[in-house]
Amino acid sequence: VNLVAKAQPTIVCPLDTVHLSVYTNPQSCGISTTPCSGNVVTGQIGTGTGQTPASPTTFPTIYGHYYKSARHQFLYRKSELLSQFPSGGEIRSVSFKVSQVNTPNDTLQNFTIRMGCTQSDSLTFWLPNMIQVYNPRNIAVGNAAGWRTYTLDYPYNWDGTSNLIVEVCSNNSVDGVVHNRMEMTPTPFSSVFWVKDNTTVCFNTGTNPQKSVNRPNTKFDIC
């Protein structure tokens, strides 16, 4: 375990009182093998009120299947995560916000979440060797706007020193279903990499993947 010490305040004069907090970082990214017994902190990355996609038949969005299959990777920089969390830790859940429902009570089939760490500061290619943290299942999108939370089947250790990738994929039996829109915040870097097709793209690179800066607002629960 790596230890991280943080002082508050960070600028002091002689005889001032300083509060020193010590946190632990997992030594590496990957599936947690030792359940965390500490406090769970919820942090949100992205607070904008924009919407993605621009129209209900385009991308990026994980909520819809105008094409049968869609794969998205989202990049969260270390600096963004450390603005919300004191250190690395065990990711328990991830949440995304539906901002506009265009297909009420839609069901996404084979909905899967994978995670990975990287030193890359932008997404211009698929990050390989992602680890499955949320097993494939059918999920109901619902009929009202709001946050959708996915509790991980396998909590994931983020080491506090790497950037984080979250991958979401679904593979559906029908296409032509208009998309529900997600609340998003544009980033100054390429933070989204995605592909869609009428054949499954969940475990391959697909044809003509695209990049975007319109990253959905995301919440993490980290212990």
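I began with cysteine 169 and cysteine 202, which form a disulfide in this predicted model, with the sulfur atoms 2.2 Å apart. I noted -100 degrees about the S-S bond, a left-handed link. Cysteine 169 sits in strand S11 and cysteine 202 in the loop between S13 and S14, 33 residues apart. I found both cysteine 169 and cysteine 202 buried.

I then searched the whole structure and found three disulfides. Cysteine 29 is joined to cysteine 117, S to S 2.0 Å. Cysteine 29 lies in the loop between strand S2 and strand S3 and cysteine 117 in strand S8, so this pair ties together parts that are 88 residues apart in sequence. Cysteine 29 is partly exposed at 24% relative accessible area, and cysteine 117 is partly exposed at 23%.

Cysteine 36 and cysteine 223 form a disulfide with sulfur atoms 1.8 Å apart. I noted -70 degrees about the S-S bond here, left-handed. Cysteine 36 lies in the loop between S3 and strand S4 and cysteine 223 in the segment after S16, so the link spans 187 residues in sequence. Cysteine 36 counts as partly exposed at 25% relative accessibility; cysteine 223, at 15%, counts as buried. In sequence order, I wrote the pairing of the bonded cysteines as 1-3, 2-6, 4-5.

Next I looked up the sheet around S11. It is an open sheet of six strands in the order S9-S8-S11-S6-S13-S14, paired antiparallel. S9 and S14 are the edge strands. Seven bridges join S8 to S11, and methionine 115 stands opposite valine 166 in S11.

Last, I checked the largest nonpolar core: of its 33 residues, Phe96 and Phe220 touch the most other members.

Note on methods:
Residues numbered from 1 in each chain as written. Predicted model: local features only at pLDDT ≥ 70, side-chain atom pairs only at ≥ 80, totals over all residues. Heavy atoms only, no water. Pairing = 2+ DSSP bridges. Helix = DSSP H or I, 4+ residues; strand = E, 2+ residues; numbered from the N terminus. Core = buried A, V, L, I, M, F, W, Y, C linked by side-chain atoms within 4.5 Å. Buried < 20%, exposed > 50% of the residue type's maximum accessible area, 1.4 Å probe, protein only. Disulfide = S-S within 2.5 Å.
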